[in-house]
Amino acid sequence: MPTVDASPVPFNFALDRTALLVIDMQRDFLLPGGFGESLGNDVAQLRRTIGPLTSLMAAWRAAGLPIIHTREGHEPDLSDCPPAKLARGPMIGKPGRFGRILVRGEYGHDIIDELQPIDGEPVVDKPGKGAFYATELPELLDKDGIESLVVTGVTTEVCVHTTVREANDRGYECLVLADCVGSYFPEFQRVGLQMIAAQGGIFGWVAESPALIKEIAR
Ligand code: C5J
């Protein structure tokens with residue numbers, strides 16, 4: 001069984017029961033001039049994940065392993081956007097530089113060019129922060145007998161954390177790759193990763209992508 005050097009202890013996983021989850025690598029969050037930057041955020045903090053994720057996805061695909069992408073967003077009429085989310089996110093649905101913000105079908109809602117899914121890779125559209133809430137993700141994982149998730153994407157303390165917590169409660173073992181997850185806030189990145197691996201790995205494991213790539217290339 002492959003073993004990755006990870007915190008707090010090495011991560012063991014069965015190659016045929018592990019999926020790579022790429023969370024919300026969307027133009028709205030990552031492109032200069034997009035929604036994320038319009039809120040005053042430094043998109044460079046997220047964009048540093050693109051290089052490591054490109055290498056990881058190439059290695060993962062070369063090994064014939066499954067990749068599932070997610071996108072945060074809503075139906076054009078916002079009927080699936082909880083009123084409480086809209087109240088605290090009044091920009092949702094409003095026109096932005098790359099189309100209506102966080103609305104499905106808009107240019108900004110889609111995944112950045114560098115990390116576009118290839119044929120056969122599911123893209124899960126989610127209205128919430130977690131990838132399990134109101135999505136088909138549980139069925140996709142069940143269908144392939146997935147037991148472990150390698151979790152990547154943005155943002156570390158919001159959609160990555162929420163998804164890892166949801167997955168952990170459902171019995172999945174989650175490895176979060178520090179160089180493939182990003183936060184606009186360096187302190188949230190640092191503490192967010194610490195929280196996952198704290199107390200003996202309370203939600204999961206944390207590692208760097210080269211350690212995983214080395215294992216799957218064997
Ligand atoms: C946020 C996300 N931060 N994908 N979304 O609102 O983490």
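## Exercises on a predicted model

Serine 148 touches Phe11, Phe13, Arg17, Thr18, Ala19 and Glu173, leaving aside residues up to four places away in sequence. The exercises below use this predicted model.

**Exercise 1.** Decide whether serine 148 and glutamate 173 are buried, partly exposed or exposed.

*Solution.* 
1. Locate the residues: serine 148 is in strand β8, and glutamate 173 is in strand β9.
2. Recall the cut-offs: buried means under 20% relative accessible area, and exposed means over 50%.
3. Serine 148 has a relative accessible area of 6%, so serine 148 is buried.
4. Glutamate 173 has a relative accessible area of 36%, so glutamate 173 is partly exposed.

**Exercise 2.** Find how far apart glutamate 173 and serine 148 are in sequence and in space.

*Solution.* 
1. Along the sequence, 25 residues separate them.
2. In space, their C-alpha atoms are 4.6 Å apart.
3. The contact list of glutamate 173 includes Ser148, together with Phe11, Asn12, Glu147, Leu149 and Trp205; residues up to four places away in sequence are not counted.

**Exercise 3.** Describe the open sheet and explain why one side of β7 and of β10 is left without a neighbour in the sheet.

*Solution.* 
1. Write down the strand order: β7-β4-β3-β8-β9-β10, six strands with parallel pairing.
2. Look at the edges: β7 (123-126) and β10 (205-207) stand there, each with a single partner strand, so one side of each has no neighbour in the sheet.
3. Place the helices. Helix α7 (residues 156-169) packs on the sheet and touches β3, β4, β7, β8 and β9; its direction makes about 165 degrees with that of β8. Helix α9 (residues 209-216) also packs on the sheet, touching β8, β9 and β10, and its direction makes about 125 degrees with that of β9.

**Exercise 4.** State which residues surround the ligand and how much of the ligand the protein buries.

*Solution.* 
1. List the surrounding residues: Asp24, Phe29, Glu72, Lys129, Val154, Thr155, Val158 and Cys159.
2. Start with nitrogen: a ligand nitrogen atom is 2.8 Å from an N or O atom in the side chain of aspartate 24.
3. Continue with oxygen: a ligand oxygen atom is 2.9 Å from an N or O atom in the lysine 129 side chain. A ligand oxygen atom also lies 3.1 Å from a backbone N or O atom of cysteine 159.
4. Finish with area: taken alone, the ligand exposes 230 Å², and the protein buries 86% of that.

Notes. Residues numbered from 1 in each chain as written. Predicted model: local features only at pLDDT ≥ 70, side-chain atom pairs only at ≥ 80, totals over all residues. Heavy atoms only, no water. Pairing = 2+ DSSP bridges. Helix = DSSP H or I, 4+ residues; strand = E, 2+ residues; numbered from the N terminus. Contact = heavy atoms within 4.5 Å. Axes fitted to C-alpha atoms, helices over the stretch in contact; angles between N-to-C directions. Near = heavy atom within 4 Å. Polar contact = N/O pair within 3.5 Å; in protein donor to acceptor, adjacent residues only side chain to side chain. Areas by Shrake-Rupley, 256 points an atom, 1.4 Å probe, with all protein chains shown as cover. Buried < 20%, exposed > 50% of the residue type's maximum accessible area, 1.4 Å probe, protein only.
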